[in-house]
Amino acid sequence: MSDNHAHDTNKKTLVIAFIIITFFMIVEAFGGFLTNSLALLADAGHMLSDSISLGVAVVALTLGERVANYSKTYGYKRFEILAAVFNGVTLILISGFIFYEAIGRFQNPPEVASFGMLGIAIVGLIVNIIVAFMLHRSGNTQDNLNIRAAFLHVIGDLLGSVGAIIAALLMIFFDWGIADPLASVIVAMLILISGWRVTKDSLHVLMEGAPVNVDLKDVISTIKRFDEVKGIHDLHAWTITSGMNALSAHVVVDGRMTVHESQMLLHKIEDELEQNNIGHVTIQIECKDHEHGDEVICDIEFESETGQHHGHAH
C-alpha cells in the first residue's frame, strides 16, 4: 500500500468514525441524564473526547497534506503530534472529572433507571465495536501515533460500555447502587492509562527523542559494518511525525575516495538504514586526514529520502 493510499484510507476511516461517535455521544449523554447514570455520563464524556480526538485527527491529516515551504521546511506534519498531545491531555482531564463525581455517588448512591441504562449501554457497545473494527482494519494503528490515540479512545469507550452493562445488571438483579459509580471509576482508570501513554509518547516525539522503533546501537553497527567507515560522530535520530523518522550523522572515512566511490558508499548506507525504519537520511562524509586533491572527497554532504540522492564535494 502506497503512503498516499494509506493516508487517504486513514482520513476516510477517521471521518466515518467521527460521524458515528459524535452522533451516539449525543444519544448517550441524553440517556445518562434521563437515567441518572454516572457510568453512562462517564462513557458519554469519554465519547466526547473521542469525537474531539477524531475531529482533530482529521484536521491534522488535512494540514499534513500541505507542502513544505521556507517557513515550515517539513510542512505541517508535526501538527499530527500536537493533536495527539491534545488528545492525551483531554483523556487525563476527563478521568479526573469522573473520579471527582464518583466520590459523591459512593457516599450517596442515587436512584438509577437501570433498564434504560442497560439498553443504551448495549447500543454503545455495538457502536464502539464497529468503530474500533474500522480503525483497526483501515487505520494505521501501529505506526501512526494520532490514529493510535483515536483507536485507544474508542477501546476505552468499548470497555466503558461493558462496565456500564455489568453495573446495570448488578443493579437490576442485586439492587447494588454503588455499581454505577464503581463502573465509572473503572472507566476513569482506563481513560487515565490511555491518556498517559498517548501523552508520554507524543511528548517524546516533540522532545526530539530517538524513535521508539529505531535501535541506535543497530544503526551505528550497520554504518560501521562497511570497511570504508572508520568512525561516526554527531549522530542524531528523531521522529518528524508518525511513520517518518530522520537521521543525520558525520561519517569518517580513511583513505582516498572518488566521487563515485563515496556515493556508492552512501547508497549502501541508505539502503541498510531503510531496514532500520529510517526514511530520511542526511550524512556528511569526512576524510580522516582531510587531504585535498582532484580525486579526494572531503566533507561531502549527502541527503536521501525515498531513493533521491544529493551531494556536493569540497
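What percentage of the 314 residues of the protein count as buried? The share is 47%, where buried means under 20% relative accessible area, exposed over 50% and partly exposed in between, with a 1.4 Å probe and protein chains only. This is a predicted model, in which local features need pLDDT of at least 70 and side-chain atom pairs count only at pLDDT 80 or more, whereas totals for chains, interfaces and linings use all residues. Residues are numbered from 1 along each chain as its sequence is written, and side-chain values use heavy atoms, with hydrogens and water left out.

View 1. The protein holds 8 helices and 5 strands, which are DSSP runs numbered from the N terminus (helices: H or I, at least four residues; strands: E, at least two).

**View 2. The salt bridge between Arg105 and Asp180.** A search of the whole structure gives 2 salt bridges, each being a side-chain nitrogen of Lys or Arg within 4 Å of a carboxyl oxygen of Asp or Glu. In the pair shown here, the side chains of Arg105 and Asp180 meet at 3.2 Å, N to O. Because Arg105 lies in helix H3 (residues 79–107) and Asp180 in helix H6 (residues 179–206), the pair ties together parts that are 75 residues apart in sequence. Arg105 is buried, with a relative accessible area of 13%, and Asp180 is also counted as buried, at 0% relative accessibility.

**View 3. The salt bridge between Glu272 and Arg225.** Here the side chains of Glu272 and Arg225 meet at 3.6 Å, N to O. Glu272 belongs to helix H8 (residues 259–274) and Arg225 to the loop between helix H7 (216–224) and strand S1 (229–241), so that the pair links distant parts of the chain, 47 residues apart. Glu272 counts as partly exposed at 30% relative accessibility, while Arg225 counts as exposed at 54%.

**View 4. The lining of the second largest pocket.** A pocket is an open set of points on a 1 Å grid over the protein atoms alone, where a 1.4 Å probe fits, with protein on both sides within 12 Å along at least five of seven lines; lining residues have an atom within 4 Å of a point. Of the 13 lining residues, Leu38, Leu41, Ala42, Gly45 and Phe97 lie nearest the centre. Helix H2 (38–64) is one of the elements that supply at least two lining residues, and H2 gives the largest share, 6 residues.
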